[in-house]
Amino acid sequence: MTQPLNNGRSTQASQIINGPREAVYGAFLEPNAVARWLPPDGMIGQIHAFNPREGGKFRMSLTYVDGQDRPPGKTSEDTDTFEGSFVEMRPYEKIVWAVDFESDQQDIAGRMTITWSFADSDGETEVTALCENIPPGISLEDNELGSRLSLRKLAAFIEQGITDGSLP
């Protein structure tokens, strides 16, 4: 069993989203939604398993679309695959993931925790991603940038869904 790193390496990113907390929280519960908004720019997502409840597991791969000018994948040349669990779920307030990357690289091994927090902000929703115990083989700058890109995509996903009527 992989253990938490407790290495003190963390990043935090926030995004204001023009939508209610219920819609934003809901985007974390649907595997097709997560596969669309979680991959940073230049990557696509594939959900292999997804059980969104406390104690439920998930497995996902993020694959680079373009083979040029990108870092190598953690699992294979162009892919990051990870397994995780839903550690805590407080509807419309917080979701905590424990994530383990699949990699032969020792500096990528270990459990990272991602806490997604949702708060009201002048009629909109502020979403904060706090990543803790980031493995030493992942640069803090890359992790923070990836979080920011994912949050921007989440905002676009929610705002488009509200505009076209696909979200409540």
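Modeller: We shall discuss the elements, the core and the strand pairing in turn. This is a predicted model, in which local features need pLDDT of at least 70 and side-chain atom pairs count only at pLDDT 80 or more, while totals for chains, interfaces and linings use all residues. Residues are numbered from 1 along each chain as its sequence is written, and side-chain values use heavy atoms, with hydrogens and water left out.

Colleague: How many helices and strands does the protein chain have?

Modeller: Helices (H or I, at least four residues) and strands (E, at least two) are DSSP runs, numbered from the N terminus. The protein chain has three helices and seven strands, in the order β-α-α-β-β-β-β-β-β-α from the N terminus.

Colleague: Which residues have the most contacts inside the largest nonpolar core?

Modeller: In soluble globular proteins, nonpolar side chains tend to be buried together. A nonpolar core is a set of buried (under 20% relative accessible area, 1.4 Å probe, protein chains only) Ala, Val, Leu, Ile, Met, Phe, Trp, Tyr and Cys residues joined through side-chain atoms within 4.5 Å. Here the largest has 39 residues, and Phe-28, Trp-37, Trp-97, Trp-116 and Leu-154 have the most contacts inside it. Helix α3 (residues 140-164) gives this core its largest share, five residues.

Colleague: Which strands pair with β7?

Modeller: Two strands pair if DSSP finds at least two bridges between them. Strand β1 (residues 10-17) pairs with β7 (residues 124-132) in the antiparallel sense over eight bridges. Nine bridges join β7 to strand β6 (residues 111-121), also antiparallel. Thr-128 in β7 stands opposite Ser-14 and opposite Ser-117.

Conventions. Buried < 20%, exposed > 50% of the residue type's maximum accessible area, 1.4 Å probe, protein only.
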